[in-house]
Amino acid sequence: MKIEVQIGPVSEKKTPCLLVGVCEEETDKARKENILRLTGRDLGKIFEEREFAGKHQQTLLLHMGAERGCRRVLLVGLGKTEAINIEKIRRAAGSATNLLKGIRVHSFAVDVTSFLSEGDAPEETIRALGEGILLADYRFERYQTENADETPVAIENVDFCSNDGSLERALRTGAGMAQSVCEAVCFARDLVNEPGNVKSPEYLAQKAQEIAAKVGLKCTVLDKADLVKEGMGALLGVAQGSAREPRLIVLEYVGADPDEDPVVLVGKGVVFDSGGISLKPADKMDEMKMDMAGGAAVLGTMLAISNLVLPRRVVGIIPVVENLPSGTAIRPGDILTSLSGKTIEILNTDAEGRLILADALTYASRYNPSMVIDLATLTGACIVALGHEASAVLGNDSDLIGALMESGEATGERLWELPLWDDYHELMKSEVADVKNSGGRPAGTISAAVFLKKFVNDYRWAHLDIAGTAWEYKGGHYRPKGGTGFGVRLLTHFLVNLAD
C-alpha cells in the first residue's frame, strides 16, 4: 500500500470513501462545520438519532449522492476529546481500515485535519494514522489457494488530505515514517507467521542476508563449525536435538562514527520450540513457530533504522536454533559450558531461550556496547503476570528502562517493570554448576532475567519478555491474528529519540 499526500479542498476529493474522525460529544464548532461540509449532514442530528456517538472505534458508513466527489464517508469515533491520545488514533484508524477491507474498498482518502488534537504534534498523529492503516491492512496468505473472493481485499492506496497547506511537511514526514517502520513490522510479522517446516535457522539467516543486501547492512552468519570454535556450548546444547543446524546472525548498521560504542539488540531465535525432552503439551504447540519473535523484532528494527537513515551505530545479534526431542537432545540433569565459561545445570529443556541468549549476551561484549537490549518470548509466567496487554522489562539501569517504557507508551507497545532484587538470585543457585536454568514456578519471569543477568558483563542492559505480546489470538484494530511484530516500533522509536 502507498500513502499519498494531497493538499486542497477535501470536500471535492474524488474517492470511493473518505475517512473522518469524530470526537464523542463533539462540541468544537469548526470540526462540526467541517463534517457538515464533508457529509451534508448535521452532526448534532446524527448524535440525536443515537446511530453514532463518536465512541472510540465506533463507525458509521454514510453513502453520498452522485453530486459529491466521494461515494461514501466513514465516520470513526475517537472517544472523548480530553482522552484522545496517539494510541487511540492508531486503533481507530485500524478499525476503520478493517471495515473498509470487509466491504472490498480498494482505496480511500483520509481527512487528516479531523484527527488532529491540540495535545499531540501533527507529525505524531499523522504517523499514528498511517501505522493504524498500514498494520491493519497486513495479511499472511501466501499459502492460501482457495476462496480468494471471500477474503477481505488489500488496500491499494490511501490519500492523506488536508485543506491546510501548512500541514504539508508534517503530512509527508509522518506518512513517510509510518511507511518505513510498518514495512519493517510487516517483515517481522511474516517471519513469525512462517511455518516451522519452512523456517529453519538457515532460512532466517538467508532472510537476514537479503535485507542486509537491500539496505546496506553488514551481515555475518556463524554456522555450527564457527559456534563450536567460539565455544558457544549453551547455544549448541539447545540445538543438538535437531537435524537443522544452528546459526548466529550478526547485523551491523553504521549510521554514525564507526568507532562509536553501539547499541546492541539481541533477539531470541528459536524457530520452533517443542520443549525438547521436557516436551510441551500438544495443545497449541503449533504456535511455537513464533518462538523466534524476538529475533524477528531485531531483524525488523535493523530494517527500519536503515530505511530511516538513523544517525546511530547499532548491532543486531540473533542466536537461531530449533528445540526438538531426539536421541541427541540435551537431557534434564546435563551440564553445559557457556561461551562465558560459566557452567549451567539443565533442569528443564523447555527453558531453552535463556540458554541461547546467555551466549549471545556474552558475545555482545566484544562490541563494547553502550547498552544491550534483548527481546525474547521467554516465559509463560509473563503472560500470567501481565496478560497480552504489556511486556515485562527488567534490567540493571533505571534510565534505560524508563526510556524504553516511554517509547512503549508512545507506540502502544507497553512495558511494565518487574524487580531484579538480590533476593531472587537464590532461585537460580545450583549445587552442581555455576547456575541452573530453571528456578521453578515462583517468579518465573524474574528468575529467567536473573539467569540472563549472570551473563551480562559491564554494560547497561534491559531485558524485554514479549511472551504475551508477540502473538495475537483474537485480532482487532491494527493487530490481525498471528505474529504482531511487537518490538519493532518500540525499539525504532527508542533509537530515534536516543539519536536526537
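Student: In which sense do β12 and strand β13 pair, and over how many bridges?

Tutor: The two strands, β12 and β13 (residues 343-345), pair in the antiparallel sense over three bridges. Strands are DSSP runs of E with at least two residues, helices are runs of H or I with at least four residues, and both are numbered from the N terminus. Opposite Ile-344 in β13 stands Leu-336. The model is a predicted one, in which local features need pLDDT of at least 70, side-chain atom pairs count only at pLDDT 80 or more, and totals for chains, interfaces and linings use all residues. Residues are numbered from 1 along each chain as its sequence is written, and side-chain values use heavy atoms, leaving out hydrogens and water.

Student: What makes β12 and β17 edge strands?

Tutor: Each of them, β12 (335-337) and β17 (435-436), pairs on one side only. The open sheet has three strands in the order β12-β13-β17, with mixed pairing.

Student: Why is the contact of Arg-91 with Glu-87 called a salt bridge?

Tutor: A salt bridge is a side-chain nitrogen of Lys or Arg within 4 Å of a carboxyl oxygen of Asp or Glu. The closest N and O atoms of Arg-91 and Glu-87 are 2.8 Å apart, so the pair meets that definition. Arg-91 and Glu-87 are four residues apart in helix α3 (residues 86-102), which means a separation of about one helical turn.

Student: Is Glu-87 buried or exposed?

Tutor: Buried means under 20% relative accessible area, exposed means over 50%, and partly exposed lies in between (1.4 Å probe, protein chains only). At 13% relative accessibility, Glu-87 therefore counts as buried. Arg-91, with a relative accessible area of 23%, is partly exposed.

Student: Which parts of the chain does the pair Arg-489 and Glu-131 tie together?

Tutor: The side chains of Arg-489 and Glu-131 meet in a salt bridge of 3.4 Å, N to O. Arg-489 lies in helix α14 (residues 488-499) and Glu-131 in helix α4 (residues 122-136), so the pair ties together parts that are 358 residues apart in sequence. Both Arg-489 and Glu-131 are buried.

Student: How many salt bridges does a search of the whole structure find?

Tutor: The search finds 28 salt bridges.

Student: Why is α10 described as largely enclosed by the rest of the structure?

Tutor: Twelve of the twelve residues of α10 are buried, so the helix is largely enclosed. Among these buried residues are Arg-354, Asp-359 and Tyr-363. From its first C-alpha to its last, α10 reaches 16 Å, close to the 16 Å expected at 1.5 Å a residue; the expected span is 1.5 Å times one less than the number of residues.

Student: What makes α9 largely enclosed?

Tutor: In α9, 14 of the 15 residues are buried, so that helix is largely enclosed by the rest of the structure. Just after α9, Val-309 takes a positive phi of about 50°.

Definitions and conventions:
Pairing = 2+ DSSP bridges.
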